[in-house]
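Subject: Structure handover

Hello,

The structure we talked about is below.

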Amino acid sequence: MFADGAKEALWLRGNLSWKLWPQQRPIYETVKQLPLSVLVVVFLCARQFGKSVLGLIMAIEDCLTNPDVVVMIIAPTIKQARDIVRPRMRLVAKDAPEGLIKAMKSDDTWYFANGSELKLGGFDTNAMAQRGKTIHKIYFEETADSDGDDYLDFLRSDLGPALTHSAHAQIIHLTTLPKIPDHPFVLDTMPEAEMGGAFFKFTIHHNLKLTAEKYAQCVKLCGGE
């Protein structure tokens, strides 16, 4: 699609939009246009929508375009975060210029040449303990899989204090809907996002990568749309 020199220039500018699927682009553009005053953003997406790759692309861009900040991708467990992000990072960053990103598996962190960090976390780790750097964005992966009590405890005990000194931090949820109707994500987080005009949903009908055959197969296996 691009010559190697053009890819390198886009990487150095922090523009990875050329890696997006068509159905990912509306979410990407919406996030970019949201006011910094919006704290909580929710995107409910159907399975196999590409939300994990999308979240990673946006997180990498945040690191590339904002020096000396921390961007986090958090899942219900640190193992889940690793399983989601590590293989996708290898694919997304395989054409990154040499020296731009340095991976450190020992502390689940990727270090960027401008001093920023992309860090993985889980509700089961002390993920929010940062070394004085400002938390810029937090991407929540599959909030739907979390235990309700663990989710609330993480928000109140870890996330809240960590954002004390972050002037424009945003929390972006990329997830399916929890199966438990009284999950605090449903009762508290979704209404908060709606009040801020930052609640969006994308169903299987928005997945432009699905053929008619794959669509029918997914509906059958999942027991309905």
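Is the crossing of helix 3 and helix 4 left-handed or right-handed? In this predicted model, the crossing of the two is right-handed.

The geometry of the pair is as follows. Helix 3 covers residues 51–65 and helix 4 covers residues 78–92. Their axes lie 10 Å apart, and the packing angle is about 65 degrees. Angles of 65 to 115 degrees count as roughly perpendicular, and helix 3 and helix 4 are therefore roughly perpendicular to each other.

Which residues in helix 3 and helix 4 meet? Helix 3 brings Ser52, Val53, Leu56, Ile57 and Ile60, while helix 4 brings Ile84, Val85, Arg88, Met89 and Val92. Sorted by class, this contact has eight nonpolar residues, one polar residue and one charged residue. On spacing, an α-helix has 3.6 residues a turn, so residues three or four places apart point the same way.

Helix 3 by itself: from the first C-alpha to the last, its 15 residues reach 21 Å, close to the 21 Å expected at 1.5 Å a residue. Helix 3 is also mostly covered, with 13 of its 15 residues buried.

For the chain as a whole, there are seven helices and eight strands. The chain has 225 residues, of which 48% count as buried. Among contacts in the chain with a separation of 6 or more, 74% are between residues 24 or more positions apart.

Regards

Methods: Residues numbered from 1 in each chain as written. Predicted model: local features only at pLDDT ≥ 70, side-chain atom pairs only at ≥ 80, totals over all residues. Heavy atoms only, no water. Axes fitted to C-alpha atoms, helices over the stretch in contact; angles between N-to-C directions. Helix = DSSP H or I, 4+ residues; strand = E, 2+ residues; numbered from the N terminus. Parallel < 35°, antiparallel > 145°, perpendicular 65-115°, else oblique. Left-handed = near helix turned anticlockwise from the far one by under 90°. Contact = heavy atoms within 4.5 Å. Nonpolar A, V, L, I, M, F, W, Y, C, P; charged D, E, K, R; others polar. Expected span 1.5 Å × (residues − 1). Buried < 20%, exposed > 50% of the residue type's maximum accessible area, 1.4 Å probe, protein only.
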